[in-house]
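Visitor: I'm new to protein structures. Could you walk me through how to read one?

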Amino acid sequence: MNSAAAGAQPALELDHVSFAYPGVAIFDDVSFTVPNDGLTQVVGPNGGGKTTLAKLCLGLLKPHSGTIRVLGASAHASRRRIGYVPQHSQYDPQFPALAVDVVMTGRLSRPVGLFRRSDRGAALATLESLGLSDLAHRGFADLSGGQRQRVLLARALVSDPPLLILDEPTANIDRESAARLEELILAQKERFAILLITHDFDFLAGTVDRVLCVNRNAHIHERRSLSEVDLQRLFTGHFHDLAEVDHG
Amino acid sequence: MGDFLRVIVSPTVPFIRYALIAGVLAAPAFGIVGTYVVVNRVSYLAGAIAHSVLAGIGLSLFLRSIGGPTWFTPFWGAFVAAMASALVVAVVTKQGKQRSDSAISIVWALGTAIGVIFISRTRGFVDPMAYLFGNILLLSPHDLWGIIALDAVVLAVALLFYPQLFALSFDPEFAEVRGMPTQFHLTVLLLMTGATVVLLVSTVGIVLVITLLTLPAATSGFFSRSLKGLMLGASILSAVVTIAGIGVSYAYDLPSGAGIVLFTVAAYIAAFLISKLTGRRPAVTPRQG
């Protein structure tokens, strides 16, 4: 189907995973598998562990017990094969950098040494493929929230990853910018599997293949097994009703 | 002005020439490392490293007064102390911000205290003021060679680690996802900060050197939208204020460090006013430790 699926390894495989921050248990014995294709939407209340789950899969946090396999290997080994768009609070929006320089950091692979000419070429080509060439030499701090988010999408995609993880990509941008971002992702959707953490019911709503409910535990549902009412309920935070959506 | 130019080439007062050479050579290191210190908001860590060099200076003065090695000048004492405290600061920052704050204050205060104790036990008269606020008479030709070598190392490291330090500064978490050893890169940055502080510690002094490290970068931030532009602007500004400061302190017989800092602050205020008038906002805001 697509190059990502060709490997046939699941995008994510969590096996009896437990994790806690000091004094706060987040996951206790969580297991699920996310296939390596299509769009998986991660939903759940604040504090339920959505971002923690993303960080576990990126190797930024280590589970206290259990194993996590990402694209068939350990999270640590696979992290460079993941395109990651973090929450807007993770970076300094006033940082003095050109957009193309920000995108180039997505090509970093060596702990020392300058960028190669091909890194700049790849960054410019990715910006062009997303229709963002006009932003390349503008200051990141001067961009609007929506433009910044598109540049960060380019940074995530410049390494041609088989898996894309987006953490609340629409949290800080207006409707129109969200629609633009949606268009860009849809245009390239066949190239990678997507894990999308969001509170935004409308964002990419028509193309969701499965829903991963995360609230101290995690359950995965194929989209077609959920009714519109079920989906609404998941998004509007009625997690006490989750048992009704086959969480038994 | 003509008088000052005559003094620069005069063989009888070489120390002015040494101070100018040191200042101009150190300017790129100050511009580049200062930019990283400002965008990473680690002025407080740089302040701790700068103050701890008094321990090394004191040790050197004490050892020399009791017949220790003559090559171990205050410059090299400062260098050893700066590297040691940079490593300590790098280790404690790993513990997270809350816990590291008090540990860094300890590095700051303990380094200063050890220096003061060594100086008080040093035979003969030593003026601590000269080390705290700078005195260009302390610069020896031997130190000048040390400054040139250290400067070359800092610039080479800055060039070799540019993409990695850029990524660390912009978004450390993303750098980690790209497989970067971010703790190692932070250690490299702190060691560079220590080495840079040592370059001008005798010209500007321990207390004021942090101003010269951070303010030119913050000033340059009013006008630059890229990290490289910011570094270039800060380097040029650093050279200009050093030359102007040394010139004025010679003309009016003032301490060189104070003269340099006055020009540094004046440049920042001028940039601030220009940005207000033209409606530009700074890319970075300074934060003194």
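Predicted model: local features only at pLDDT ≥ 70, side-chain atom pairs only at ≥ 80, totals over all residues.

Visitor: Okay, then what is B:Thr73 in contact with, leaving aside its neighbours within four places in sequence?

Guide: Apart from those neighbours, B:Thr73 touches B:Ser60, B:Arg64, B:His142 and B:Asp143. You'll find B:Thr73 in the loop between helix H3 (43-65) and helix H4 (74-93) of chain B.

Visitor: Does B:Thr73 count as buried or exposed?

Guide: The cut-off for buried is under 20% relative accessible area. B:Thr73 has 9% relative accessibility, so it counts as buried.

Visitor: Let's go to chain A. How many helices and strands are there?

Guide: Chain A has eight helices and 10 strands. Its C-alpha trace spans about 55 × 40 × 40 Å along the principal axes. Of its 248 residues, 54% are buried.

Visitor: What radius of gyration would a compact globule with 248 residues have, and what does chain A have?

Guide: The globule would come out near 18 Å, and chain A has 18 Å, so the two agree.

Visitor: Now the strands. How do strands of a sheet pair?

Guide: They pair through backbone hydrogen bonds, running either parallel or antiparallel. In chain A, six strands make an open sheet in the order S6-S7-S8-S3-S9-S10, and the pairing is mixed. At the edges sit strand S6 (82-85) and strand S10 (218-222) of chain A, each pairing on one side only. From one strand to the next, the twist averages 15°.

Visitor: Which way do S3 and S9 of chain A run relative to each other, parallel or antiparallel?

Guide: Strand S3 (residues 39-43) and strand S9 (residues 210-214) of chain A run parallel, joined by four bridges. Look for A:Val42, which stands opposite A:Leu212 in S9(A). On to the next pair: S9(A) and S10(A) run antiparallel, with five bridges between them. Here A:Val214 is opposite A:Ala218 in S10(A). These two strands form a hairpin with three residues between them, and A:Arg216 in the turn has a positive phi of about 65°.

Visitor: Where do the side chains of a regular strand go?

Guide: They alternate between the two faces of the sheet. In S9(A), A:Arg210, A:Leu212 and A:Val214 are on one side, with A:Val211 and A:Cys213 on the other, and all are buried.

Visitor: And what about charged side chains: when can opposite charges pair?

Guide: They can pair when their charged atoms come close. Searching the whole structure turns up 10 salt bridges over all chains. One of them joins the side chains of A:Arg120 and A:Asp101 (3.5 Å, N to O). A:Arg120 counts as partly exposed because its relative accessibility is 30%, whereas A:Asp101, at 13%, counts as buried.

Visitor: Which residues are joined into one network by salt bridges that share partners?

Guide: First, one more pair: A:Asp200 and A:Arg175 meet through their side chains in a salt bridge (3.5 Å, N to O). As for your network, its members are A:Asp37, A:Arg210 and A:Glu222.

Conventions
Residues numbered from 1 in each chain as written. Chains lettered and ligands numbered in written order. Heavy atoms only, no water. Pairing = 2+ DSSP bridges. Axes fitted to C-alpha atoms, helices over the stretch in contact; angles between N-to-C directions. Rg over C-alpha atoms; globule rule 2.2 N^0.38 Å. Buried < 20%, exposed > 50% of the residue type's maximum accessible area, 1.4 Å probe, protein only. Contact = heavy atoms within 4.5 Å. Salt bridge = Lys/Arg side-chain N within 4 Å of Asp/Glu carboxyl O.
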